[in-house]
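Let's work through a few exercises together. Take a look at the model, then try each task before you read its solution.

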Amino acid sequence: MKSYLFAVTLFCVVLAAGCAHKPSVVSDPTPSAAAPPAQQVMVAPKTEQSPALSPEVSAKTVSGNLDDYQDIEDPDKGREVEKATIADPLEPFNRAMYHFNDKLYFWVLKPVAQGYSKAVPEKARVGVSNFYTNLSFPIRFVNSLLQANFAGAASELGRFVINTVWGIGGLLDPASSKEINLSKQTVDFGQTLGVYGVGQGFYIHWPILGPSSPRDTLGTVGDVFLYPSIYFGPWYVWAGSRVYERVNDTSLQIGDYESMKEAAIDPYVAVRDAYVQYRLKMIKHKGGPPPAGVSGLLEKD
Amino acid sequence: MHTKTLKAIVISIVIMLTIQGTAAASGPFGPPQPVSRPAGGLHTGFGYWLQEDKLKNNEEYISRQQQIYSELGYGFQKNWDLYARIGLSGLKLFDAFSPTTTATTTSKNDFSENWKFFSTLGVKGFYPVRPAFGIGAFIQGTYYFSDFTDNVTGIQSGAPFMAELGLKNLWDVNVGIGFQATIPWGINLYIGPYLYYAEAKVSPSANITGLALTSGETILRNNTVFGGFAGIDAPLSRGFRLQIEGKYADRLSGGAAVTYAY
Amino acid sequence: MRRPFNALLTILMILLFTLPAYAGVPMNTVQANVNKVLDVLRDPKLKGESAKEIKKKKLRAIYEQMFDDVELGKRTLARNWNRLTVPQRQEFVILFRQVLEKAYIDKILAYTNEKIVYERESMVSGTQAEIQTKIVTSSKEIPITYKVILKGGSWKVYDVIVENVSLVLNYRTQFNDILAKNNPEQLLEILRKKVKGQ
């Protein structure tokens, strides 16, 4: 559920370091063409000057040509753009819930997960995570079928058999190894509804459960019935199991949420937007990997 | 240091077997060379085995067991492997209920029950003599967690009866050596002799004349102590291997398994 | 253990996988830059706290070659770019870079030998391409796509998509939201505070 958060925070591993010079330091001229054109910037007169550039910005730190900073054309003019946006009529409620979840993470979930991760070695926690992933096979299998993705359903079935029989009941994940290479289908009922054409609706940020929408909430409820542990004993067995699963997953992702908050200007919006993009792509690609050149769907330039 | 580990393992197997008693029908021995990657590899497997043997106390009885099992093994110290299996087995004892006198008739002749849990523990070591030839040794034991029981009804001298026969404390231990040759395509062929001991305690609920096994608490033991085994261990695609093995002591047994080495 | 007929299959697989990715200039450029980063991160002479600043400097230099800041700035503000004056735009670009650096530099410096797999390159147009890669960590694989544009003779990154979430779009939504209720100078003030505050 929180995998998209993990995703957002992983920009870090990719970006080849932020740049820009520290505020009060005028560093050496960069190898790029910054230096000579930068001189022009300060010299060229500007009539309607907004308040002067903040003291931190010295001539040498501005990158690119002056020309680059001209007005741009409306990037959306003249063509269809798939807007990765969502209506947020419940924003005050959502923000409050987001704030609650934020506190829940820092005050409860994170300390528990940290204590747990000190007591249990990583390999074991990865094993538990694999076990739960294997357990949720019915969700992925049924939803693949509902989307007529038979290859995906077959792949999921193969994963389940191999991981259960040869993966010690799902604790290990040989099906994901390079040799066997059966890919996990990222599908769920909310995504199935999306593939059928049901729209997102609007944004809801549930306490504890996190970002959602009416369609995805319905999807989550539907998937509960495909999750095996609900059939083994009273409801609190299922609930306890889900809580443990959540703690275990968090223990493997400590630091991701903090990074995302650090990187975001408005974390609430960042979370919402990441969620929307992630769900949109999941529906476009129907749970499989994106075909080449398709990511232009969201933004063509 | 390495013989110490071996000793510790052998001792623990023996202890496990003697204290807890029962095990039976060991299943395949597997190729002499461990399936796990050397020094710290894990392997898992799933197999089916059909075991036939002769057990006797005073009489001889032919036993047949069908089992399915799941195996987990750990490779250590370069060419050693410690493995454990857990599985379900049935047991059929032919003519257990065949009456020996005409005064007794029984509803059926064979003792049969299915689906009892068992576990197997084994350790093997392998010594590669040449790139394509090696020798291995193993010790393997099996233990049954519960007992097999079966009922028989019939008429004895005009009076109807019902008797329940329990086969309890089944266990066995096997020790042997194997010779392995590797042929092209990564296929291993292996063959070797083994010694074994298998035992089951017979516990009848009533003494029925004409049914030999109900005469009292007795022990059924294996008829022969010596046998031979042979098999093929061949690579399948994507890291899986197929293992087919046969054993012959008094009777022929055999099975197949698919293993995966991590 | 030899498996000749499997070898044939493997060769076929390799061929199939390398066919679409004619590793052209865009992918090579990205790969070269990422390799430069990895060299800095793995440099045995730069281990330890004292070397951190040196590493950061080197990484900044690589970043400037690899990314197109102004393009990044334009795309994250989108329509709102026109609402800023030129000096504001320049400051925005700088502040945005600083925000990203503050947020991610420690994570990048914490890199420990995860493997990076370059999967394929697709040309969206004559001057735009997408490079699909994957980072393989101990517990999962993370797909990362770089979108590059040809500018001034070299291919520069203007968006990064991690597990289906685009960096540019994510910030665009945030900036849109902020600029709906604030004016550009206030946005810059928020960014300045963020760079200083944390």
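**Exercise 1.** How many of the residues of helix 4 (residues 69–77) of chain C are buried?

*Solution.* Keep in mind that this is a predicted model. Start with the cut-off: a residue is buried if 20 or more other C-beta atoms lie within 10 Å of its own. By that count, 9 of the 9 residues of helix 4 of chain C are buried, and the helix is mostly covered. Among them are C:D69, C:E71, C:K74 and C:R75, along with C:V70 and C:L72. Next, look at what surrounds them: these buried residues pack against helix 5 (86–109), strand 3 (141–151), strand 4 (154–162) and helix 6 of chain C.

**Exercise 2.** Work out how helix 12 of chain A and helix 6 of chain C are oriented to each other.

*Solution.* First, get the geometry: helix 12 (residues 267–284) of chain A packs against helix 6 (residues 167–181) of chain C at an angle of about 135 degrees, and their axes are 9 Å apart. The two helices are therefore oblique to each other. Their crossing is right-handed. Now find who touches whom: helix 12 of chain A brings A:V269, A:A270, A:D273, A:A274 and A:Q277, while helix 6 of chain C brings C:L169, C:N170, C:T173, C:Q174 and C:D177. Sort the residues of this contact and you get 4 nonpolar, 4 polar and 2 charged.

Notes: Residues numbered from 1 in each chain as written. Chains lettered and ligands numbered in written order. Predicted model: local features only at pLDDT ≥ 70, side-chain atom pairs only at ≥ 80, totals over all residues. Axes fitted to C-alpha atoms, helices over the stretch in contact; angles between N-to-C directions. Helix = DSSP H or I, 4+ residues; strand = E, 2+ residues; numbered from the N terminus. Parallel < 35°, antiparallel > 145°, perpendicular 65-115°, else oblique. Left-handed = near helix turned anticlockwise from the far one by under 90°. Contact = placed C-beta atoms within 7 Å. Nonpolar A, V, L, I, M, F, W, Y, C, P; charged D, E, K, R; others polar. Buried ≥ 20, exposed ≤ 12 C-beta atoms within 10 Å, placed from the backbone.
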